[in-house]
Amino acid sequence: PMIFLAVLSGIYGIGDMAMLGKIGKRLMEHFLKMTFITLIITLVLVLPMTTLSFGHFSADTNTIGDILNMILQFIPFDIFSPFINGNMLQIITIAIACGLIMLILGDRVSELSRIIDQLYSIVQLLMEAIGRLVPFFIFIPSAAEA
């Protein structure tokens, strides 16, 4: 729930589609620049240590089908199964879709936005409390065994 609510409130909190487009464009530019820089650094460091051999490409492999299957795994068949199964990619996909819909609807969903923000605050508070208790559940059983 925390990831879903965080993504949903984060997208809706942007304000409007124009700002979302600007942020998305900047984010993609930064991602592509960093990927290119990482690729160049990796090539410079790794190429002197390896020898290149170009293999035979086989048309028998179903590369396009594998890529399509990977993309289709992001899309859930229903709304509830990702939450039941804990499929984070599908939960994030649902949150992005809901956030975009709320962003498009704008002021018509302001009450829903307020409820989501309150739910997110409650879940965040619960997760912080659970996080504080985790050391007790880790160390108490091992101290009892000793």
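In helix 5, the buried residues are Gln 90, Ile 91, Ile 94, Ala 95, Gly 99, Met 102 and Leu 103. The model is a predicted one. In an α-helix there are 3.6 residues a turn, so residues three or four places apart point the same way. Helix 5 covers residues 88-105. Its 18 residues should span 26 Å at 1.5 Å a residue, and the end C-alpha atoms lie 25 Å apart, which agrees.

Both ends of this helix show local features. At the start of helix 5, Asn 87 places a side-chain oxygen within 3.3 Å of the backbone nitrogen of Leu 89. Just after the helix, Gly 106 adopts a positive phi of about 65°.

Helix 1 spans residues 2-12 and contains Ser 9. Ser 9 has 16% relative accessibility and therefore counts as buried, the cut-off being under 20%. Its side chain reaches the backbone oxygen of Ala 6 at 3.4 Å. Beyond neighbours within four places in sequence, Ser 9 is in contact with Ile 116, Asp 117 and Tyr 120.

The count of aromatic pairs comes to one. The ring centres of Phe 4 and Phe 83 are 5.4 Å apart and their planes lie at 80°, so the pair is edge-to-face. The pair links distant parts of the chain. Phe 4 belongs to helix 1 and Phe 83 to helix 4 (residues 81-85), 79 residues apart. Phe 4 is buried, with a relative accessible area of 15%. Phe 83, at 35% relative accessibility, counts as partly exposed.

Key:
Residues numbered from 1 in each chain as written. Predicted model: local features only at pLDDT ≥ 70, side-chain atom pairs only at ≥ 80, totals over all residues. Heavy atoms only, no water. Helix = DSSP H or I, 4+ residues; strand = E, 2+ residues; numbered from the N terminus. Expected span 1.5 Å × (residues − 1). Buried < 20%, exposed > 50% of the residue type's maximum accessible area, 1.4 Å probe, protein only. Polar contact = N/O pair within 3.5 Å; in protein donor to acceptor, adjacent residues only side chain to side chain. Contact = heavy atoms within 4.5 Å. Phe/Tyr/Trp six-rings, centres within 6.5 Å; stacked < 30°, edge-to-face > 60°.
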